[in-house]
Amino acid sequence: ESVDIAAETNGRIVEILFADGAPVGMGDVLFRLDQTLLKAQVADAQERLALAKSVVERNAALVKSRNIAQSVVDQTATELALAESALALAQVQLGKLTVVAPFSGRAGFRNVSVGAYVQAGAPLVHVEKIDLVKAAFSVPELNFSRLALGQSITVTADAVPGETFEAKISAIDPLLDINGRALRVRADLDNSADKLRPGMLIRVSVRGPSRASVMVPEAAIVPRSNGAVVFVATGEKAEETKVRTGKRLNGEVEILEGLAAGAQVVTAGNARLSDGAAIAIVPSASN
C-alpha cells in the first residue's frame, strides 16, 4: 500500500511530528497546520450554542405559563439547531488542520518545512506500507490455465543476494496485454523482515503442480529435421527412438513421449549412430 499524504485544506505548517524515513503508525499525527483562527471560531460557536440553549430553556418555562408566542419558540429552536451545526462544522474544519497517517508504514522524505504555506491536495510526504508488499510480474498467455489464486511462488532479488522469498498469488488481471501476449499477476509477499523495498527488480518462479517425468541428459538428444531422437541400448544394438521433448532443466531434458522410465540411452558418439548399429557398453573408469 502506498499513498501521498496531503492536507485537505489550505494552511501554514506549524509542526512536523515525524522523522524522514521513520516508521509511522495508523493515526499518528504527521503535520499540524496553524489552528489559531479555527480555534477562535470553535470557541465562538460554543458560546453561541450555549446562548441558544439558555434561550430555549427559558422559552420552555414561558410556554408553560403561556406568556410567549409559539412562533418565538419555533424560532429559538431553529437558532439552537443552527448553532449546533455551526459548532460541528467548525470542529470538523479544525480537525482537518491535523494530518494523520492513514495506515502503518514507513514515511518517505517530507517535501515541506515548518512555516510553509500549503495548498489543499499538495503532496507533503509519501507513506509506504512495506511489511506486506506486492510482487508484480507477467506470465505468458500460454501458461494462463496453470495459474490460480493462492498459488505459491518464489521470489529473488539481485539487491538481496542469497535470499529466497515465498509469496502467494493474490490477483490475476482479467485483461491480457495484447502487445506482449502476457497476463499481469500480483502476489502478496511477507516483508516483515524489512529486506525488500517497493520498486526493486525481482525474479519470480511460479510453482506448478508436481509431476513425475522421464529425464535424459541433453547429450542423449539427437536433433532431426522432423523432431528429435534418442538411441536406446538394447543388448548390443542401438535402437533409434523418436521422442517428444519438454522442459530443459540443469542439463537434462524432459521426455514427454517415446521413452519409458529405466531405458538405457546412448550419450556419447550418438551423432554418428544409425538405427540397429552395433554398440558396446563400456564401464566407466570409476567402476
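Mentor: Leaving out residues up to four places away in sequence, Thr-154 touches Thr-164, Phe-165, Glu-166, Arg-203, Val-204, Ser-205 and Arg-207. Contact here means heavy atoms within 4.5 Å. This is a predicted model: local features need pLDDT of at least 70, side-chain atom pairs need 80 or more, and totals for chains, interfaces and linings use all residues. Numbering starts from 1 along each chain as its sequence is written, and side-chain values use heavy atoms, with hydrogens and water left out.

Thr-154 sits in strand 10 (residues 152-157). Strands are DSSP runs of E, at least two residues long; helices are runs of H or I, at least four long; both are numbered from the N terminus. Why does Thr-154 count as buried? Its relative accessible area is 15%, and buried means under 20%, exposed over 50%, and partly exposed in between (1.4 Å probe, protein chains only).

Strand 10 and strand 13 run antiparallel and are joined by five bridges. Two strands pair if DSSP finds at least two bridges between them. Val-155 of this pair has Val-204 in strand 13 as its bridge partner. Val-204 is also among the contacts of Thr-154.

Both strands belong to an open sheet of five, in the order 9-12-11-10-13, with antiparallel pairing. Strand 9 (132-140) and strand 13 (202-206) are its edges, each pairing on one side only. Neighbouring strands are turned by 40° against each other on average, direction ignored. The axes behind such angles are lines fitted to C-alpha atoms, for helices over the stretch in contact; angles run from 0 to 180 degrees between N-to-C directions. In a regular strand, side chains alternate between the two faces of the sheet.

Ala-233 has Ala-238 in strand 17 as its bridge partner.

Leu-259 comes in the segment after strand 18 (252-257). Its relative accessibility is 13%, so Leu-259 counts as buried. Beyond its neighbours within four places in sequence, Leu-259 is in contact with Val-214, Val-216, Val-230, Val-232, Val-243 and Val-265.

Strand 2 (residues 11-16) and strand 4 (residues 29-33) run antiparallel, with three bridges between them. Ile-16 stands opposite Phe-31 in strand 4. Strand 4 also pairs with strand 5 (residues 98-100), antiparallel and over three bridges. There, Phe-31 has Val-99 in strand 5 as its bridge partner.

Phe-31 matters to the core count too. The largest nonpolar core has 29 residues, and Phe-18, Leu-30 and Phe-31 touch the most other members. Such a core is a set of buried Ala, Val, Leu, Ile, Met, Phe, Trp, Tyr and Cys residues joined through side-chain atoms within 4.5 Å. Strand 2, strand 4, helix 1 (36-64), helix 2 (70-95) and strand 8 (123-128) each give two or more residues to this core. Apart from it lies another core, of 18 residues, including Ala-135, Val-139, Ala-187 and Leu-196. Phe-18 itself touches Val-24, Leu-30, Phe-31, Ala-107, Gly-108, Arg-110 and Val-125, not counting residues up to four places away in sequence.

Between helix 1 and helix 2, the loop holds Ala-69. Ala-69 counts as partly exposed because its relative accessibility is 40%.

Last, the whole chain. The protein has two helices and 18 strands. Its C-alpha trace spans about 125 × 45 × 35 Å along the principal axes. The radius of gyration is 37 Å, while a compact globule of 287 residues would be near 19 Å. That radius is taken over C-alpha atoms, and the globule rule is 2.2 Å times the number of residues to the power 0.38. Of the 287 residues, 30% count as buried. Of the contacts between residues at least 6 apart in sequence, 67% join residues at least 24 apart.
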